Amino acid sequence: MKKFLLVCCAIATCGIHAATNEMVVNVGKTGAPIQKTMYGIFFEDINYAADGGLYAEMVKNRSFEFPQHLMGWKAFGKVEVKDDGPFERNPHYVRLSYAGHKDKHTGLENEGFFGIATKKDASYRFTVWARCPEGGKSRIVVQVVDNASIGESQVMASCKVDVEGKEWKKYTATFTVNATKQKQSLRLFLRRSGKNAITTTDVEHISLFPTDTWMGRENGMRRDLAQALSDLQPGVFRFPGGCIVEGTDLATRYQWKNSVGPVENRPLNENRWHYTFEHRFFPDYYQSYGLGFFEFFQLCEDFGCEALPVISCGLSCQFQNPDPKQKGAHVPTDSLDEYIQDALDLIEFANGSTDTKWGKVRADMGHPSPFGLHYLAIGNEQWDYKDNPAFTERLKRFLDVLKKQHPEIKYIGTTGPDSEGSRFEMLQPKMKELKADLYDEHFYRPESWFTDSLNRHRYDSYDRKGPKVFAGEYACHGKGKKWNHFNAALLEAAFMTGFERNADVVHMATYAPLFAHTEGWQWRPDMIWYDNLRMMRTCSYYVQQLYSIYKGTYFLPLTMNGKAVASDSDQNGLSASAVKGNEKGEVIIKVVNTGKEAQPLNIRLKGIKNLKQAKVITLHTDDALAENTLDAPDKIAPKEMTQEVSGNTFATTIPANAFCVYILK
Ligand code: AHR
């Protein structure tokens, strides 16, 4: 048997102290299929993930519907807020009138989300709904201004729109900017048109987008952030949360019907992350629903992945409303019809023909063909009480109707907010009893949880006949080290070998949360960080990406000394899994070394005569607490090398603190 020594340059420098172990992959013995949905995205509007994040709108409170109607705006001159506007569900607008003297000005200035940021040579689309209520004509001058500028002028770019007539109309102007700046504002002046006197003008839904959005869409997403999602090659996309699905009270739950149709008429919703943590309080954090269910489905289509919407089960957040009998906090079980109808209508919106009510709404929005929804989750972090099956009673009501009317959909329940303990133990068997297709598990846990052997073998002992697992929210939260350091990502990578080893049980997994604005976060760690101009992929992002791109098709048994490799006490900090690759004749092996020493390994592929080539992708740093930042976004990133090999065994060394993916042909 020929052996070829495969040693990465980076690896060659590491001291090798440990004895060489042999890992055996049984290529002839195909295990469970790896589901296409195995690795995906969890999206929630937390940390300014939607407004101020992925959703590329730059104007905050564009419809004047925040409870303080001028929040985010400075008003000058003669400005009145009125409430009989053209959009029924967003009735407020602003009336601008003559300031009383030719040298005085009337207008508005918007602060954006942590500023209005522009890029040199990029173009921007300004839109406004406007009218002259008494007839006549007016002009609105629009400027991007840098108030902190010490230059001759604060004005960095400008354009104008000419408003005419008593009817509300949408006006558009596009302009280009010649400076890259983070912190500016958008200023609007009311001016006279030609030689006329200044005419009173009403303005509503004032909006500014870069023209270069993802896919060039007008109501578009930030291109860089959407690209980062696309680069994950996700198999499934869960939306819109998270806790925001439930609401602090029923009125503030996420209502998907409010998030579709023309953007101007999508009503504002509160965002609980505005006040959930008093120590990270953001009084101007609301949900405009500009990124709504249509846009979510569209993104799934762009990424070629399954959509996984989550809907309210009629329980508002149980953390915030702990008494199940509290009046008004939860929908009584005999009054759930409206909520169940919402679920039925959602299936119609996604899949119904264009002559159905909700299928027509989808078609009117520009998508006559169905989106192809196959999964629906009911409830987020819900649970039962000892004497009150608050969640499962409601879930049963949903499932009785939904499974009958839509047996083609897979329904996802939940085991609540914990990965163990009484709530989890109570719910897990009930998911089987109720015949949920999958259930959602959440585990934000410290390093000690991820290194605990019980958890590394978590899925090995799961019921093979029960519902499948959707690890819907998880991340390693270092105690006192709650940021995206490398060690957290490495422990996640090690844990994920257990997903693959148990691919017959684990069908979906989504790291959470996804996004965070550096100036507006409430929760960390998160997968992708950004400010208004830049974006950074964390080490956890790269772990997710490597798993997703190299998820393969079927699990292959992998052993070391006859045992699965899950960083057991005699396994030198190694965890590993193997899958058949995406292409014929390809085997993919993932090995994680969480130990402090480099590990020499012989990897033998049983059932293969002659290997041709090995591609090795390594994510590694010596400093376990190092992280990527916006200033150094590529400090820790996967490095790739290719090597010719022969025979059925190759030798390699996996450095301490490393995650390696071997793609063998
Ligand atoms: O991901 C942040 C929050 O964590 C989610 O909203 C919730 O489901 C969980 O508690």
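How far apart do the C-alpha centres of domain 1 and domain 3 lie? In this structure, which is a predicted model, the separation is 58 Å. Domain 1 is made of two segments, 2-33 and 555-664.

I turn now to the ligand. Its surroundings comprise 13 residues, and the closest are E44, C243, E381, Y444 and E473. By class, the shell holds seven nonpolar residues, three polar ones and three charged ones. A polar side-chain atom of E44 is placed 2.5 Å from a ligand oxygen atom. For E381, the corresponding distance from a polar side-chain atom to an oxygen atom of the ligand is 2.8 Å. In E473, an N or O atom of the side chain lies 2.7 Å from an oxygen atom of the ligand.

Finally, the cysteines. How many disulfides does the model contain? The count is zero, with a disulfide requiring two cysteine sulfur atoms within 2.5 Å. Consider C300, whose closest cysteine sulfur belongs to C305: the two sulfurs are 4.3 Å apart, so they are too far from each other for a bond. C300 is also buried, since its relative accessible area is 2%. The sulfur of C539 has its closest cysteine sulfur in C476, at 12 Å, and therefore that pair is likewise too far apart for a bond. With 1% relative accessibility, C539 counts as buried.

Notes. Residues numbered from 1 in each chain as written. Predicted model: local features only at pLDDT ≥ 70, side-chain atom pairs only at ≥ 80, totals over all residues. Heavy atoms only, no water. Near = heavy atom within 4 Å. Polar contact = N/O pair within 3.5 Å; in protein donor to acceptor, adjacent residues only side chain to side chain. Nonpolar A, V, L, I, M, F, W, Y, C, P; charged D, E, K, R; others polar. Domains from an automatic or database assignment. Buried < 20%, exposed > 50% of the residue type's maximum accessible area, 1.4 Å probe, protein only.
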